[in-house]
Amino acid sequence: MTVLAVANQKGGVGKTTTVVGLAAALSEMGKRVLAVDLDPQMALTAWLFGEDHKGRATVYEALFWPEKLREATLTSAEGFEVAVSSLDLAGAEVELLAFADRHQRLHRALAKVPGRDWVLVDCPPSLGLLTLNALLAADFVLVPVSCEYLALRGLALLFATIRRVQDGLNPGLRLLGVLPNLYEARTLHAQEVLDALEKRFKEVLLPPVRKSVRFREAPVARKSILAYDPDGEGAEALRRIAKEVVRRGEKGGA
Ligand SMILES: Nc1ncnc2c1ncn2[C@@H]1O[C@H](COP(=O)(O)OP(=O)(O)OP(=O)(O)O)[C@@H](O)[C@H]1O
Ligand SMILES: [Mg+2]
């Protein structure tokens with residue numbers, strides 16, 4: 001079982017979009033996939049299930065009682081599983097302070113759901129305790145960035161956090177890739193940002209995903225981009241990225 005945390009403390013860069021797209025593309029490849037919604041905003045949960053999950057156990061309970069993760073897990077229409085989130089998660093960062101192993105609660109919960117090939121963790125837009133739980137549970141981290149200059153400014157802090165985790169509680173954590181998202185091929189600005197990313201991240205940079213209104217439409221239809229627009233450029237990009245994720249994941253990453 002390979003655990004991939006999709007993280008960036010900047011909001012709106014495409015973490016949730018990447019998790020749903022990769023979950024669909026990996027399951028299309030025959031992989032058993034569990035996506036974990038670790039964001040109290042519940043974007044991933046609402047995208048795939050609307051309000052249908054109400055009244056169930058959620059990832060919040062699973063952080064306190066690891067065996068609850070199984071109950072928090074639903075199967076999506078597209079075949080991959082989702083551990084659903086709830087608004088309560090917003091309080092977990094404080095409530096978990098009572099636990100000595102507060103950084104390792106997700107790791108413990110994931111141990112209760114063996115048998116998946118890939119676990120994809122959708123992190124909230126912060127570097128708080130929830131994201132730390134994801135980085136401590138993960139074998140790999142994937143960082144989506146939006147192709148705007150200002151979006152690159154927060155990356156130093158994110159990579160310092162990743163290094164701190166590698167030097168401390170999870171020395172096995174590896175950077176799987178940096179994913180340039182919301183790429184507008186026709187603007188000089190986006191090209192300049194992509195050039196800067198290529199210089200800085202070299203072989204860990206993944207192929208860019210273009211900005212397309214299809215990505216905004218897919219959640220309205222409660223579908224991944226692969227189910228919503230199967231032959232579109234976005235679906236193709238996600239399939240290519242999923243293949244590369246599997247290749248890097250199996251070879252051991254960068
Ligand atoms: N390639 C793309 N083209 C167009 N729109 C996109 C693309 N990727 C993501 N979006 C849209 O951008 C918005 C933000 O994406 P998403 O929710 O995946 O980001 P996020 O990093 O998970 O945000 P948050 O930090 O709030 O959790 C959404 O409306 C999504 O549909
Ligand atoms: Mg999100």
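User: What makes α1 and α12 a contact, and which residues meet there?

Analyst: Contact means heavy atoms within 4.5 Å, and in this predicted model Thr18, Gly21, Leu22, Ala25, Leu26 and Glu28 in α1 meet Leu238, Arg239, Ile241, Ala242, Val245 and Val246 in α12. The residues of this contact divide into eight nonpolar, two polar and two charged, where Ala, Val, Leu, Ile, Met, Phe, Trp, Tyr, Cys and Pro count as nonpolar, Asp, Glu, Lys and Arg as charged, and the others, Gly among them, as polar. The helices themselves are DSSP runs (H or I, at least four residues), as strands are (E, at least two), numbered from the N terminus.

User: Why are α1 and α12 called roughly perpendicular to each other?

Analyst: The helices α1 and α12 (residues 233-251) pack at an angle of about 75°, with their axes 9 Å apart. Axes are lines fitted to C-alpha atoms, for helices over the stretch in contact, and angles run from 0 to 180 degrees between N-to-C directions. Angles under 35 degrees count as roughly parallel, over 145 as roughly antiparallel, 65 to 115 as roughly perpendicular and the rest as oblique, and α1 and α12 are therefore roughly perpendicular.

User: What makes the pairing of α8 with α9 roughly parallel?

Analyst: Helix α8 (residues 155-167) and helix α9 (residues 188-201) pack at an angle of about 25°, with their axes 14 Å apart, and they are therefore roughly parallel to each other. Leu155, Ala156 and Phe159 in α8 meet Leu197, Arg200 and Phe201 in α9, a contact with five nonpolar residues, no polar and one charged. The crossing of α8 and α9 is right-handed.

User: How many cavities are counted, and what lines the largest cavity?

Analyst: On a 1 Å grid over the protein atoms alone, a cavity is a set of points where a 1.4 Å probe fits but cannot get out, whereas a pocket is an open set with protein on both sides within 12 Å along at least five of seven lines, and lining residues have an atom within 4 Å of a point. By this rule the count comes to one cavity of 30 Å³ or more. The largest cavity has a volume of about 40 Å³, a volume being the space filled by probe spheres set on the points, which are joined across faces, edges and corners. Thr17, Thr18, Leu179, Asn181, Val209, Phe215 and Leu238 line the largest cavity.

User: Which residues lie closest to the centre of the largest pocket?

Analyst: The largest pocket holds about 470 Å³ of space, and of the 21 residues that line it, Gly12, Val13, Gly14, Thr17 and Arg216 are the closest to its centre. The largest share of this lining, three residues, comes from α1.

User: What do the numbering and the confidence rules cover?

Analyst: Residues are numbered from 1 along each chain as its sequence is written, while chains are lettered from A and ligands numbered from 1 in the order in which they are written. Local features need pLDDT of at least 70, side-chain atom pairs count only at pLDDT 80 or more, and totals for chains, interfaces and linings use all residues, with side-chain values using heavy atoms and leaving out hydrogens and water.

Methods
A crossing is left-handed if the near helix is turned anticlockwise from the far one by less than a right angle, and right-handed if clockwise.
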